[in-house]
Amino acid sequence: MSTFIITGGSRGLGKGIARSALGMGFDVALIARNATALEAARVTLINEFPMRNISLHKADLSEEDQCQIAFDDIFTQHLSIRCLVNNAATWTGGKSVVNLTTLDMRQSLDLNFMSAFLATKHVLHNRKSQEDLSIVNIGATAALRGSANNAAFCVAKSSLRIFSQSLAREVGNLGIHIAHLIIDGLISNERTIKLNPGRSESRYISVDSIAKEVLHVALQNRDSWTFEWEVRTNNADW
């Protein structure tokens with residue numbers, strides 16, 4: 001059976017995308033930095049989908065050696081890769097440019113861009129000839145415009161968007177679908193809700209809704225590919 005590889009797959013949106021992929025009959029390979037969270041996700045998902053192959057891979061994908069080990073393991077356990085979802089990311093806002101350090105900028109680039117870059121290289125290198133393959137990069141509003149006290153995150157996310165454009169033009173004629181999703185709003189998860197007390201539930205985008213969008217685009221026919229699309233609530237200010 002074909003497999004969805006999902007980075008940042010232990011919780012939140014990554015876990016939601018895994019659930020949607022499993023529900024459509026795919027196996028999943030989940031990558032994250034926290035082994036305990038990965039195992040907790042597997043327990044939840046295997047109870048819902050006991051017949052599916054759910055593999056776990058602990059790795060910091062910004063580290064080349066860890067990335068190599070994780071993907072070698074994935075390609076051993078899963079014979080056919082249908083999609084890579086580059087979902088691993090970390091918000092790094094909240095600092096004025098004058099207070100940003102070189103380390104801050106490098107960490108944001110590592111976590112929000114390099115992790116996707118390295119994962120993509122491994123999947124492309126190991127793709128079987130003529131096999132349908134999609135790579136979906138999860139972006140944010142920060143990919144489109146800068147904002148105050150958010151420079152490190154905006155630089156990294158805009159880099160991911162330009163990388164996605166370049167890659168799509170390079171490999172599209174090989175039958176490899178590259179897509180970039182801009183999430184323009186807050187995702188409904190425990191962490192985000194805690195950071196925004198008092199915000200109306202109607203202002204959040206649900207994990208399940210985003211996951212359905214990702215699966216829809218990832219599985220499009222070759223004659224009608226989406227490259228970039230945006231999701232937001234109906235009452236968003238934009």
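The crossing of α1 and α7 is right-handed, where a crossing counts as right-handed if the near helix is turned clockwise from the far one by less than a right angle, and as left-handed if anticlockwise. The model is a predicted one, in which local features need pLDDT of at least 70 and side-chain atom pairs count only at pLDDT 80 or more, while totals for chains, interfaces and linings use all residues. Residues are numbered from 1 along each chain as its sequence is written, and side-chain values use heavy atoms, with hydrogens and water left out.

Helices (DSSP runs of H or I, at least four residues) and strands (E, at least two) are numbered from the N terminus. Helix α1 spans residues 12–23 and helix α7 residues 207–218; the two pack with their axes 8 Å apart and at an angle of about 55°. Helix α1 is therefore oblique to α7, oblique being the class left after angles under 35 degrees (roughly parallel), over 145 (roughly antiparallel) and 65 to 115 (roughly perpendicular). Axes are lines fitted to C-alpha atoms over the stretch in contact, and angles run from 0 to 180 degrees between N-to-C directions. On the α1 side, Gly-12, Leu-13, Gly-16, Ile-17, Ser-20 and Ala-21 meet Val-207, Ile-210, Ala-211, Lys-212, Val-214 and Leu-215 of α7, contact meaning heavy atoms within 4.5 Å. By class, this contact has eight nonpolar, three polar and one charged residues.

Cys-67 lies in helix α3 (residues 64–77). With a relative accessibility of 1%, Cys-67 is buried; buried means under 20% relative accessible area, exposed over 50%, and partly exposed in between (1.4 Å probe, protein chains only). Leaving aside residues up to four places away in sequence, Cys-67 touches Asp-60, Leu-61, Leu-118, Ala-119 and His-122. The C-alpha atoms of Cys-67 and Ala-116 are 10 Å apart, although 49 residues separate the two along the chain.

Thr-233 follows strand β9 (228–231) and is also buried, at 14% relative accessible area. Its side chain makes a polar contact of 2.8 Å with that of Asn-235, a polar contact being a pair of N or O atoms within 3.5 Å, one able to donate a hydrogen and the other to accept it. Beyond four places in sequence, Thr-233 touches Ser-202, Arg-203, Tyr-204 and Ile-205.

Asn-149 is located in the loop between β5 (133–140) and α5 (151–171). Asn-149 is partly exposed, with 43% relative accessible area, and its phi is near 60°, a positive value in a residue other than glycine.

Definitions and conventions. Nonpolar A, V, L, I, M, F, W, Y, C, P; charged D, E, K, R; others polar.
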